[in-house]
Amino acid sequence: MESLQTPDRLVRIAVDLVNTRTLEPEQLTKPADVRRFLLDHGEPEPVRTGEADLVEVREIRELIRPVFHAEPAEAARILNELLAQYAVRPYLSDHDGSPWHLHVAKPDASWAEWLAAGTALGLSGFAAGHGFEAIGVCAAGDCERVFVNPAAKRPRRFCTPTCASRTRVATHRARRAGR
Ligand SMILES: [Zn+2]
Ligand SMILES: [Zn+2]
């Protein structure tokens, strides 16, 4: 399993994992969906996933989700708990001919355990660098997607410009209707 040489990647994985279930239909419905998610996020083959991985990864996803919703102190507490439970002392590995990279999960970690350790570490580093205000949930009423905002000149409220403009249009319409 790859890890950590690019903390940004772990943050991306955390955001994308949480966004596999929002108000839209569940995207992780079978083991192959977990496999596809991991491959799409740069995990090299072999990536094998079974029913247990599907169940566990969905559980881990719900442990990570509150980090995006909570107040900073609570988000930090959740991340610390995830780190305590799933992360191990980091160690370098060049297994299977891969370039040297850091591992933060135990050697025999399941995909879910690896995701928990990696995303908790990625989000912790991100929050330490950018502040928890750079981690959020879309403010559009019918969205619920989470996002990170590393270039936080000013706080961001929406996952995408699409949600921002949809909300602007809806607010405008509501105002006109109320007049
Ligand atoms: Zn590895
Ligand atoms: Zn949105």
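A helix here is a DSSP run of H or I at least four residues long, numbered from the N terminus. Keep that in mind as you work through this predicted model.

**Exercise 1.** Find the element that holds Ala164, and work out why Ala164 counts as partly exposed.

*Solution.* Start with the place: Ala164 sits in helix α6, which covers residues 161-178. Next, bring in the cut-offs: 20 or more C-beta neighbours within 10 Å makes a residue buried, 12 or fewer makes it exposed, and anything in between is partly exposed. Ala164 has 16 such neighbours inside 10 Å, so it counts as partly exposed. Finally, look across to Gly125: 39 residues separate it from Ala164 in sequence, and the two C-alpha atoms are 27 Å apart.

**Exercise 2.** Check the span of helix α1, then say which of its residues are buried and what covers them.

*Solution.* Helix α1 takes in residues 7-18, 12 residues in total. From first C-alpha to last it reaches 17 Å, close to the 16 Å expected at 1.5 Å a residue. Now go along α1 for burial: Leu10, Val11, Ile13, Ala14, Val15, Leu17 and Val18 are buried. The cover over these buried residues includes α3 (51-69), α5 (111-130) and β4 (146-148).

How values were computed. Residues are numbered from 1 along each chain as its sequence is written. Chains are lettered from A and ligands numbered from 1 in the order in which they are written. This is a predicted model: local features need pLDDT of at least 70, side-chain atom pairs count only at pLDDT 80 or more; totals for chains, interfaces and linings use all residues. Helices (H or I, at least four residues) and strands (E, at least two) are DSSP runs, numbered from the N terminus. The expected span of a helix is 1.5 Å times one less than its number of residues. Two residues are in contact if their C-beta atoms, placed from the backbone, lie within 7 Å.
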